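Hello,

Here is the structure I promised to pass on.

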Amino acid sequence: MAPESTAVYVYGIVPADVEPESHATGVDDCEVAVVRHGEIAALVSPLESDRPLGTPEDLTAHEKLLDGSAAVSPVLPLRFGAVMTDTDAVENELLEANEEEFRAALVELEGRVQFVIRGRYVEDAIFRELLDENAEAARLKDEIRDKPEDATRDMRIALGELINQAIEAKRTEDTSKVVSELEKLEAMVNQRAPSHEEDAVHLAVLIESARQAELEDMLRQLISDWEGRVELDLLGPMAAYDFVTKRAPEG
């Protein structure tokens with residue numbers, strides 16, 4: 001049962017003809033509703049006014065609803081934690097106040113979804129590659145072999161710096177290769193910051209839904225070309241968080 005409250009949690013903006021699935025739920029497993037204004041609408045659910053947000057379950061519910069909606073309709077995500085006082089505020093302060101911007105954004109998103117491409121170097125493979133290409137790193141590696149850590153501290157630090165610099169250069173090169181391939185698919189690309197020191201690629205991609213198979217084929221070819229030096233994952237489809245996420249006005 002939905003909690004009795006005047007607060008409204010807002011997930012995202014969709015075309016006005018969208019109807020939530022009968023089983024769709026959001027934060028606190030509350031039923032999702034639609035607040036409409038003209039040609040646009042907001043996906044919302046009730047929320048206890050004094051209920052704090054921020055748990056992993058809250059974020060999961062937020063993303064699950066948006067990603068499910070993006071699979072069937074253009075959806076403009078609002079940032080996690082968007083709460084307004086009531087449905088009138090949603091219609092007047094959010095939808096009416098931003099009607100032209102939201103409508104234009106939904107047109108841009110029509111038929112497109114986001115994916116995230118994440119690649120991480122295989123440690124043994126990239127380490128061998130770096131030592132083969134960098135004589136100084138190879139020399140330092142030989143120097144410290146079988147010697148006490150305390151006696152080789154400076155050399156270990158120097159080797160670590162060389163490896164980090166080399167991985168950064170590899171990341172730049174490999175990311176550029178992936179971006180070049182994505183451009184052939186007419187995709188929009190946003191580069192994300194590395195989530196790990198051995199990340200090879202971390203990209204958000206906005207692409208036509210109909211080209212998902214081509215995207216998957218491209219990644220399979222890259223995996224083959226890289227011959228076990230990079231592990232690649234494709235996440236999605238999902239809502240276009242990296243391209244059009246908006247913050248709702250406080251209400």
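The axes of helix H4 (residues 123-133) and helix H6 (residues 153-184) approach to within 11 Å and cross at roughly 100 degrees, which makes H4 roughly perpendicular to H6 (a word used for angles of 65 to 115 degrees). Axes here are lines fitted to C-alpha atoms, for helices over the stretch in contact, with angles from 0 to 180 degrees between N-to-C directions; helices (H or I, at least four residues) and strands (E, at least two) are DSSP runs, numbered from the N terminus.

This is a predicted model, in which local features need pLDDT of at least 70 and side-chain atom pairs count only at pLDDT 80 or more, while totals for chains, interfaces and linings use all residues. Residues are numbered from 1 along each chain as its sequence is written, and side-chain values use heavy atoms, with hydrogens and water left out.

Back to the two helices: Phe127, Glu129, Leu130 and Glu133 of H4 meet Ile163, Ala166, Ile167 and Lys170 of H6, contact meaning heavy atoms within 4.5 Å. Five of these residues are nonpolar, none polar and three charged (nonpolar: Ala, Val, Leu, Ile, Met, Phe, Trp, Tyr, Cys and Pro; charged: Asp, Glu, Lys and Arg; polar: the others, Gly among them). Within H4, Ala125, Ile126, Glu129, Leu130 and Leu131 are buried, that is, under 20% relative accessible area with a 1.4 Å probe, protein chains only. The buried residues of H4 pack against strand E6 (112-121), helix H5 (135-144) and H6.

H6 also lies across E6, E7 and strand E8 (199-208), running at about 20 degrees to E8. What is the strand order in the open sheet? Four strands form it in the order E7-E8-E6-E9, with antiparallel pairing (strands pair if DSSP finds at least two bridges between them). Strand E7 (188-191) and strand E9 (230-238) are the edges, each pairing on one side only, and the twist averages 20 degrees from one strand to the next. E6 and E9 are joined by seven bridges, and Gln114 has Met238 in E9 as its bridge partner.

Elsewhere, strand E2 (residues 33-37) and strand E3 (residues 40-47) pair in the antiparallel sense over five bridges, with His37 opposite Ile40 in E3. The two strands form a hairpin with two residues between them, and Gly38 in the turn has a positive phi of about 60 degrees.

Best wishes

Conventions
Angles under 35 degrees count as roughly parallel, over 145 as roughly antiparallel, 65 to 115 as roughly perpendicular and the rest as oblique. Buried means under 20% relative accessible area, exposed over 50%, partly exposed in between (1.4 Å probe, protein chains only).
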